[in-house]
Amino acid sequence: MKSYAAHADLIAPAHDSAGLPRLFLGVFTIIIASVAFSASLGKLLYGLPNGEALGAEIASGQTARGIVIVLLSFGANVAALWVAIRLVHQRGMRSLFGNTAVAVSQFFKVFWVSLGLIGLILLIPMPEPMQPVIHSPLQEWLIWLPLGLGAILLQVTTEELLFRGYLQSQLAARFRHPVIWMGLPSVVFGLLHYQPGLFGEAAWWVVAWSTLFGLIAADLTARSGTLGPAIALHFVSNVSAILILSMKDHWDSLALLTTGYGPADIETILRVVPFELMTLFCLWLVARNALRR
């Protein structure tokens, strides 16, 4: 596809190790290494004087400290990916990003327009259940803001490295059709967000939204030839959901504002789904437009 011509530069380093057996071994290595690194981090945390309290905070996600630790723990997945890339594929981690200078430039192009769109959306009057309410005192929120931003950037960069930088590039080097190299990583990404115990009947809608996000990130990656745009879009999305406006009683300890509904309010969540899908579609459009400049 002509619109995906830039993708060739990103997938070029994957051609030498594009076989499916190598990919399966790489994924298996990432899983095993992630479990090992995560277990080591868990053991380290529980060995601290207040380890049990920290463990409870991490499990519940109901404190700012617990959320930050969970986000920072994605570093274990980065380390696991590094092991797989070096041992199985003989590639460097930088090859997953594309051209560094171009990636940074594209990141900021998409970041600013996406942030502006989210800001405009937050100014739109919402129905009662969706009306934002103050959750954290401004001074307390500002204290956690720098650490929260850094932790979210680590989290979204890790996920983009895994799904778009690694899986997408390795599959694209083996298969020509976008349905495979865009679709498969996006479906896996979506299924990892399946939480029926939390969202009940709305759980599959969360999967659908996450899968659509994965497809949009895959499209932006293929159009730009770097991970910069996908990381920017993912970063703005998660910052808005974790630091700015969170769902009530669900990972809201770092948020300045919360909605009037929580995960248990299935009826309201289902009403909000079309709005969320439209927002995601608009983010995709403004990101594409920014990349043309």
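## Charges over rings

In this predicted model, the charged end of Arg164 lies over the ring of Phe189, at 5.0 Å from the ring centre. Arg174 places its charged end over the ring of Phe175, 4.8 Å from the centre.

## Aromatic pairs

There are 11 aromatic pairs in the structure. One of them joins Phe163 and Phe189 edge-to-face, with 5.2 Å from centre to centre and 75° between the planes. This pair links distant parts of the chain: Phe163 belongs to helix α7 and Phe189 to helix α8 (residues 178-191), 26 residues apart. Phe163 counts as buried because its relative accessibility is 9%, and Phe189 counts as buried at 3%.

Phe281 and Trp284 make a tilted pair, because their ring centres are 5.8 Å apart and their planes stand at 55°, between the 30 and 60 degree cut-offs. Both residues are in helix α12 (residues 266-291), 3 residues apart, or about one turn of the helix. An α-helix has 3.6 residues a turn, so residues three or four places apart point the same way. Phe281 is partly exposed, with 38% relative accessible area, whereas Trp284 is buried at 18%.

## Aromatic cluster

One aromatic cluster is formed by Phe107, Phe108, Phe111, Trp112 and Phe235.

## Helix α5

The buried residues of α5 are Ala76, Asn77, Ala80, Leu81, Val83, Ala84 and Ile85. Their cover includes α2 (20-46) and α7 (138-174).

Definitions and conventions:
Residues numbered from 1 in each chain as written. Predicted model: local features only at pLDDT ≥ 70, side-chain atom pairs only at ≥ 80, totals over all residues. Heavy atoms only, no water. Buried < 20%, exposed > 50% of the residue type's maximum accessible area, 1.4 Å probe, protein only. Helix = DSSP H or I, 4+ residues; strand = E, 2+ residues; numbered from the N terminus. Contact = heavy atoms within 4.5 Å. Phe/Tyr/Trp six-rings, centres within 6.5 Å; stacked < 30°, edge-to-face > 60°. Lys NZ or Arg CZ within 6 Å of the ring centre and 35° of its normal.
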